[in-house]
Amino acid sequence: MLGFAPEAGKGIGIMSLIGLRSKVNRSWWRRERIGLLFVPALIFGLVCSAMWCSPDGMPPQPLDSFVLSLHSLQAEHARKVRILHFGDSHIASDTESSVVRSYLQNIFGDGGLGLELPWEGPRLSSPGVTYGNTRGWLRARPSYITPEDYTGLSLSYIEAEAPGQSAWIEASGSEFCVYYLAQPNGGDAEFLLDGASLGQRRMSAGSPRVETVRFQAQGTSAPHRLEIHTLGFGRVRILGVSVENGAAGVVYSALGMVGARAEYLLKCRDETFETQITAAQPDLVILGYGTNETSGTNLDEGAYAAALGTIISRIHRAAPSALVILLTPPDRGDTRPGEAQHIQRILKEVIAAQIDAAAKSGALVMDLHTAMGGDGSAERWAIMQPPLARPDMTHFTNEGYNLLGRYIVGGIMKLYDSGSSVPVAAAADPPAGKEPIGELLPPLYPEQSKRTVLAARSHGGSFAEASPGPDQIFYFLMPDGQVVVTNDLSMIDSRHGRSISPEEARCLLRGKASPCDNVARW
């Protein structure tokens, strides 16, 4: 039995969350271990104080709402937490983002794949999904010079004007939502699920507007094929297809596009972008841009910060409860010394603009550039064995993207543990056979001049002391060779591993022989 429930995107509201006042607690992770085997994670957060906590009696701010939504999901298993991750080629490969998706869904439950498009153009790969379309479809994606358009959240769309054209997507799920553009001279389309007709939809309107149509497959989530067939002449524009499971959990949409820059999000018209954000109901929006911005001759730092501010404002208008995180671009290198220096200069300008935009717009910054070692780390990652960066020193190997993904997970989980006053008892017990052992967790510092900083530093594989703070940093060597860095002794089970000095930790993380000949290795 299949259900058919069409609805207009603009009529979809955002769920309001009632948050508790945020404060730091001393909880530790009772979840699946994140074993970072190479470099200790630095997650550097910059949180505007207005977005960090809600005064008593005031509506919850985005950070409170996101943290509370995760705690509610973990405790009650009765809702979904939706994450939209926009980005460039680092996300388009879905290697880095699949690490984040897998960890969060293993911890909180698999809510589904999220938004896709029945076309591989914007993406390099999308594991677990098969999609395609016939030749009669126009396949559109923006470039630096293209004007505003009615695009999907992937910044792309497919459109057909002739009858007999088909587009399809095959994925596991039980809830499907198709985003399309109703427009003048719009055509008709038929929807099929596993070959069975779900009904038809006329996609015409006096003026362009985003609409959605939802389908429900009865029973548990399983592989399904959703097809869209054009009927007669008229424009049928598909903006995206969301695939979710019937169960509670995290829905993680990876919306990367090769060559994208942050400003590309402004190429989707305001009303089109905001309607789709509202329909997607995100609890967290991650913006992962900056690498392609370094390819230009110069960067107008002020204009770039203003563009980021506009993007964040659009997101907050459409989803007031959503937390926005800006990821700084990872390091980038070049074999030409002059070009490498140019790239580093623009990287610093991009990161400064991100911090400025976050401070003014109420967002959080997670510093992947410093996490991987700062200036020159891309070159060092490229010569590591196994390599973490590719020879172009711009993109990364699977191992490198795995590590970057774990940095992001670590930052999100640090917010989960430290950003809400929800009791520790609300957290679920670790899975059967798993022990609540230590993570490579960065220390948390309380608010400092309207900012909260999460920091632990590493530079090119050599560990440097963390910035001064109220907590002492401890180092442990686990039986499997993992070096655990933490500011919370309650995270460490004394029956496992041994305490080591900062010097030993530095030697182990560098992996060099001299002057570390007397240090145990894995």
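Which residue lies over the face of Tyr157? Arg237 does, at 3.8 Å from the ring centre. A charge counts as sitting over a ring if NZ of Lys or CZ of Arg is within 6 Å of the ring centre and within 35 degrees of the ring normal.

## Basis of the model

This is a predicted model, in which local features need pLDDT of at least 70, side-chain atom pairs count only at pLDDT 80 or more, and totals for chains, interfaces and linings use all residues. Residues are numbered from 1 along each chain as its sequence is written, and side-chain values use heavy atoms, with hydrogens and water left out.

Strand β16 covers residues 249–256. Of its 8 residues, 8 are buried, so the strand is largely enclosed by the rest of the structure. Buried means under 20% relative accessible area, exposed means over 50%, and partly exposed lies in between (1.4 Å probe, protein chains only). Helices (H or I, at least four residues) and strands (E, at least two) are DSSP runs, numbered from the N terminus.

Strand β3 (residues 80–87) pairs with β16 in the parallel sense, over 8 bridges. Gly87 stands opposite Gly256 of β16. Strand β4 (residues 110–112) also runs parallel to β16, pairing over 2 bridges. Here Gly112 has Val251 of β16 as its bridge partner. Two strands pair if DSSP finds at least two bridges between them.

## Salt bridges

The structure holds 19 salt bridges. The criterion is a side-chain nitrogen of Lys or Arg within 4 Å of a carboxyl oxygen of Asp or Glu.

One of them joins Arg79 to Asp283, with the closest N and O atoms 3.2 Å apart. This pair links distant parts of the chain, 204 residues apart. Arg79 sits in the loop between α2 (62–76) and β3, and Asp283 in the loop between α5 (270–280) and β17 (284–288). Arg79 is buried at 14% relative accessibility. Asp283 is buried at 8%.

Glu148 and Arg269 form another salt bridge (4.0 Å, N to O). Glu148 lies in the loop between β7 (137–140) and β8 (157–160) and Arg269 in the loop between β16 and α5, so the pair ties together parts 121 residues apart in sequence. Glu148 is partly exposed at 42% relative accessible area, and Arg269 is partly exposed at 27%.

Glu211 and Arg209 meet at 2.6 Å, N to O. Glu211 is buried, with a relative accessible area of 9%, while Arg209 is partly exposed at 35%. Elsewhere, salt bridges with shared partners join Lys80, Arg82, Glu175 and Glu244 into one network.

## Aromatic pairs

There are 5 aromatic pairs. Rings of Phe, Tyr and Trp (its six-membered ring) pair if their centres lie within 6.5 Å; planes under 30 degrees apart count as stacked, over 60 as edge-to-face and the rest as tilted.

Phe86 and Phe273 have ring centres 6.3 Å apart and planes at 35°, so this pair is tilted. Phe86 lies in strand β3 and Phe273 in helix α5, so the contact ties together parts 187 residues apart in sequence. Both Phe86 and Phe273 are buried.

Phe396 and Tyr401 have ring centres 5.4 Å apart and planes at 75°, so they are edge-to-face. Phe396 is buried at 1% relative accessible area, and Tyr401 is buried at 4%. Ring pairs link Trp381, Phe396 and Tyr401 into a cluster.
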